[in-house]
Amino acid sequence: MSTLPVFRWHFAPDGYDTRRQLRARDLRPGGQDVAAQLERPRRRGRPPLVAYLYRVDLAKPVRPMTPGRWRAHEAMMRARRTCPDCHRDAGYVIPTSLGSCVTCAYPEEQRAA
């Protein structure tokens, strides 16, 4: 069992990136294991924040979006915009806290306006 190298926040050497940093370079981890981790200390005895790092030289390019993936993405977004009560496209992603569009969630306020 090997342990991961641990670096303090902002002190990771070149050649290591987080998932978000890889994505900003249009890369992905590509199946590689976590190579190292960053730790950001916190106060009052709380555990440190941890970010996992991947080697940039082993990263692979992001897979392109195929027409099928675009269709699936559009269907998923359409489902998130469709109100389950009135079955209309709200034009925005319906908040999970409401569970329906604003018009259906607060009908009395819509009548007063």
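**Figure 1. Arg44 lies in the loop between strands E4 and E5.** Strand E5 covers residues 49–55; helices (H or I, at least four residues) and strands (E, at least two) are DSSP runs, numbered from the N terminus. The model is predicted: local features need pLDDT of at least 70, side-chain atom pairs count only at pLDDT 80 or more, and totals for chains, interfaces and linings use all residues. Residues are numbered from 1 along each chain as its sequence is written, and side-chain values use heavy atoms, with hydrogens and water left out. Arg44 is not a glycine, yet its phi is positive, at about 60 degrees. Most residues other than glycine have a negative phi. Arg44 counts as exposed because its relative accessibility is 82% (buried means under 20% relative accessible area, exposed over 50%, partly exposed in between; 1.4 Å probe, protein chains only). Accessible areas come from the Shrake-Rupley method with a 1.4 Å probe, and for residues only the protein chains shown count as cover.

**Figure 2. A patch of positive charge on the surface gathers Arg40, Arg42, Arg43, Arg44 and Arg46.** Patches are made of residues with over 30% relative accessible area and no salt bridge; like charges are joined within 9 Å, and nonpolar side chains (Val, Leu, Ile, Met, Phe, Trp, Tyr) within 5 Å. Lys and Arg count as positive and Asp and Glu as negative, while His and the chain ends are not counted. The place of a charge is taken as NZ of Lys, CZ of Arg, CG of Asp or CD of Glu. Arg40 belongs to strand E4, residues 36–40. Arg40 is partly exposed, because its relative accessibility is 40%.

**Figure 3. Arg25 and Asp17 are joined by a salt bridge.** A salt bridge is a side-chain nitrogen of Lys or Arg within 4 Å of a carboxyl oxygen of Asp or Glu. Side chains of opposite charge can pair when their charged atoms come close. Here the N to O distance is 3.0 Å. Arg25 is exposed, at 51% relative accessibility, whereas Asp17 is buried, at 8%.

**Figure 4. Asp26 sits in the loop between helix H1 and strand E3.** Helix H1 spans 19–24 and strand E3 spans 27–28. Asp26 is not a glycine, but it has a positive phi of about 60 degrees. With 53% relative accessibility, Asp26 counts as exposed.

**Figure 5. Arg55 pairs with Asp57 in a salt bridge.** The closest N and O atoms of Arg55 and Asp57 are 2.7 Å apart. Arg55 is partly exposed, at 34% relative accessibility, and Asp57 is exposed, at 55%. Three salt bridges are found in a search of the whole structure.

**Figure 6. Asp89 and Arg81 form a salt bridge.** Their closest N and O atoms are 3.3 Å apart. Asp89 is partly exposed, with 46% relative accessibility. Arg81 is also partly exposed, with a relative accessible area of 24%.

**Figure 7. Thr96 is placed in the loop between helix H2 (67–81) and helix H3 (102–105).** Its relative accessibility is 80%, so Thr96 counts as exposed. Thr96 and Arg80 are 16 residues apart in sequence, and their C-alpha atoms are 9.4 Å apart in space.
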